[in-house]
Amino acid sequence: MLIVDSVCKSYPTPTEPLEVLRGVCLELRAGDSLAIVGPSGSGKSTLLQILGTLDEPTSGTVTLEGTDPFSLSPSALARFRNREIGFIFQDHHLLPQASVLENVLIPALATGRPTAETIARATELLERVGLAERSTHLPGQLSGGERERVAVARALLNRPRLILADEPTGNLDRRTAVAITETLLRLQQEEQAILVTVTHSHTLAHAMAGQKTLVDGLLVDIDQDTPDKATT
Ligand code: ADP
């Protein structure tokens with residue numbers, strides 16, 4: 001379970017601090033999916049960075065399965081992040097000189113050489129995203145949609161409890177975006193991970209079980225009857 005309690009984040013400025021998050025609260029369980037939408041500058045990336053333990057809140061707490069990552073030592077935090085959180089970015093961040101299979105194995109490299117079991121897991125994930133035949137190819141030989149599928153497989157390698165996606169369909173045409181959304185949600189459901197995605201895409205947002213937006217530094221529900229509010 002992910003519990004975000006009264007998270008505030010402010011950045012120092014020459015005058016007064018810029019308060020971006022002013023008491024964000026959120027509870028998500030295994031298998032839940034949530035889209036965070038809202039205008040540029042509303043704090044979506046800031047919140048995603050905090051959920052990803054890449055940035056600390058100014059106040060408030062985040063716990064994932066009972067662990068407050070910000071109470072850990074830097075090395076324990078790095079291990080926690082690597083094991084418990086899978087990241088999917090808009091521009092996928094694949095290594096161009098590494099094969100598709102090697103790219104999926106990247107999260108395993110933090111703990112040494114991948115074991116036979118990990119390689120089997122990576123191969124199985126590539127099958128599940130429909131890229132079994134492409135494992136020896138380089139990212140440059142794949143389409144944008146296929147590269148994003150590799151990023152989905154990579155994010156799931158360590159069986160993370162939390163998957164964070166930042167505009168995962170941002171650079172894709174509509175049909176490919178719909179296919180990636182379906183793949184992402186299918187795997188997230190099969191693995192019973194929590195999925196939080198930041199997006200401007202109406203289609204992606206409404207494929208998630210829940211949709212929220214940031215207003216004045218607070219996370220609020222979007223009225224399901226007015227879906228246009230999800231597109232900003
Ligand atoms: P969004 O992802 O919704 O576009 P961000 O979280 O990127 O919003 O930014 C929210 C606000 O915080 C913006 O006004 C931005 O300029 C400011 N901000 C983000 N990161 C920093 C930082 N490291 N230092 C100072 N201000 C920042």
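Biologist: How far does a polar side-chain atom of Lys44 lie from an oxygen atom of the ligand?

Modeller: This is a predicted model, where local features need pLDDT of at least 70, side-chain atom pairs count only at pLDDT 80 or more, and totals for chains, interfaces and linings use all residues. Residues are numbered from 1 along each chain as its sequence is written, and side-chain values use heavy atoms, without hydrogens and water. A polar contact is a pair of N or O atoms within 3.5 Å; within protein, one must be able to donate a hydrogen and the other to accept it, and residues adjacent in sequence count only if both atoms are side-chain atoms. For Lys44 and the ligand oxygen, the distance is 2.9 Å.

Biologist: Which element gives the most residues to the shell around the ligand?

Modeller: Helices (H or I, at least four residues) and strands (E, at least two) are DSSP runs, numbered from the N terminus. Strand E2 (18–28) and helix H1 (44–51) each give two or more residues. With three residues, the top giver is H1.

Biologist: Is Ser99 buried or exposed?

Modeller: Ser99 sits in the loop between strand E5 (85–88) and helix H3 (100–109). Buried means under 20% relative accessible area, exposed over 50%, and partly exposed in between (1.4 Å probe, protein chains only). Ser99 has 12%, so Ser99 is buried.

Biologist: Which side chain of opposite charge is nearest to Arg154?

Modeller: Arg154 is in helix H5 (residues 144–156), and Arg154 is buried without a salt bridge. A salt bridge needs a side-chain nitrogen of Lys or Arg within 4 Å of a carboxyl oxygen of Asp or Glu. Lys and Arg count as positive, Asp and Glu as negative, and His and the chain ends are not counted. At 7.2 Å, the nearest opposite charge is on Glu148.
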